[in-house]
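Work through the exercises below with the sequence and the three-dimensional structure at hand. Try each task before reading its solution.

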Amino acid sequence: MQTAILAGGCFWCIEAVYNQINGVQSAVSGYIGGHAANPTYRQVCDTDSGHAEAVKIEFDPSVIDYQALLEIFFAIHNPTELNRQGNDIGTQYRSEIFYLNEQQKQLAERMIAELQPHFSRPIVTKLSPVTTFYPAEAYHQGYFRQNPNSGYCSIVVAPKYLKAKMTFSQYWKNGDNA
């Protein structure tokens with residue numbers, strides 16, 4: 001198994017998609033890239049901790065590789081928005097890839113360079129070495145699966161989820177259970 005850690009707006013959106021991808025053993029919502037130890041959701045939302053909402057993905061590279069995970073990542077969020085995704089505004093919603101090794105860094109750099117011509121604005125996704133990842137509180141885990149009809153999930157998460165399901169059907173797990 002290998003690990004990828006990606007921040008691209010609200011972690012509910014990212015986690016919902018990756019938990020449906022073949023080869024992904026787990027996608028856990030959490031916090032990374034800040035200065036406070038064991039941050040709470042409130043601290044992260046208040047931008048007191050400096051953390052990003054992110055998802056730690058454990059995956060089997062013999063089933064899905066890191067590059068495919070990045071392709072999905074860049075398709076389900078807007079990498080040209082600085083410190084926001086849609087109406088979610090703040091540094092905790094930044095686009096950032098936390099690489100675990102030089103190979104992940106190089107693959108991310110290459111993908112950004114290849115994708116940039118397809119965007120009218122600069123890609124602002126940061127590349128940072130991994131730091132401590134703190135899993136979010138239990139109620140954040142599987143949030144979309146547990147609350148599909150909540151307003152935020154219906155308006156924000158569901159469209160990203162459905163886009164990913166249609167665009168990346170070749171990676172989608174059988175038995176959609178979101």
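The phi angle of Asn 38 is near 50°, a positive value in a residue that is not glycine. Keep in mind throughout that the model is predicted.

**Exercise 1. Locate Asn 38 and Asn 83, and decide for each whether it is buried, partly exposed or exposed.**

Solution. Asn 38, with its phi near 50°, has a positive value instead, and it is found in the loop that lies between strand S2 (24–32) and helix H2 (41–45). Its relative accessible area is 58%, and because exposed means over 50%, Asn 38 is exposed.

Now turn to Asn 83, which also has a positive phi, of about 55°, although it is not a glycine. Asn 83 belongs to the loop between helix H3 (66–76) and strand S4 (84–85). Its relative accessibility is 25%, and because this value lies between the 20% and 50% cut-offs, Asn 83 counts as partly exposed.

**Exercise 2. Describe how helix H1 and helix H6 pack, and sort the residues of their contact by kind.**

Solution. First take the geometry: helix H1 (residues 11–18) packs with helix H6 (residues 151–167) at an angle of about 35°, and their axes are 9 Å apart. The crossing in which H1 passes H6 is right-handed.

Next find the residues that make the contact, which on the H1 side are Trp 12, Cys 13, Ala 16 and Val 17, and on the H6 side are Tyr 152, Val 156, Val 157, Lys 160, Tyr 161 and Ala 164. Sorting them gives nine nonpolar residues, no polar ones and one charged residue.

**Exercise 3. Find how far Asn 174 is from Cys 13, and Leu 82 from Tyr 93, in sequence and in space.**

Solution. Asn 174 sits in the segment after H6 and, at 76% relative accessibility, counts as exposed. Between Asn 174 and Cys 13 the separation is 161 residues in sequence and 19 Å in space, taken from C-alpha to C-alpha.

Leu 82 and Tyr 93 are 11 residues apart in sequence, while their C-alpha atoms are 8.5 Å apart in space.

**Exercise 4. How many helices and strands does the chain have, and how compact is the chain?**

Solution. Counting the elements gives six helices and eight strands, and from the N terminus on they follow the order β-α-β-α-β-α-β-β-β-α-β-β-α-α. The radius of gyration is 15 Å, close to the 16 Å that the globule rule gives for 178 residues, so the chain is as compact as a globular protein of that length.

To complete the picture, note that the C-alpha atoms fill a box of roughly 40 × 35 × 35 Å along the principal axes, and that buried residues make up 50% of the 178 residues. Finally, of the contacts in the chain with a separation of 6 or more, 74% are between residues 24 or more positions apart.

Note on methods
Residues numbered from 1 in each chain as written. Predicted model: local features only at pLDDT ≥ 70, side-chain atom pairs only at ≥ 80, totals over all residues. Heavy atoms only, no water. Axes fitted to C-alpha atoms, helices over the stretch in contact; angles between N-to-C directions. Helix = DSSP H or I, 4+ residues; strand = E, 2+ residues; numbered from the N terminus. Left-handed = near helix turned anticlockwise from the far one by under 90°. Contact = heavy atoms within 4.5 Å. Nonpolar A, V, L, I, M, F, W, Y, C, P; charged D, E, K, R; others polar. Buried < 20%, exposed > 50% of the residue type's maximum accessible area, 1.4 Å probe, protein only. Rg over C-alpha atoms; globule rule 2.2 N^0.38 Å.
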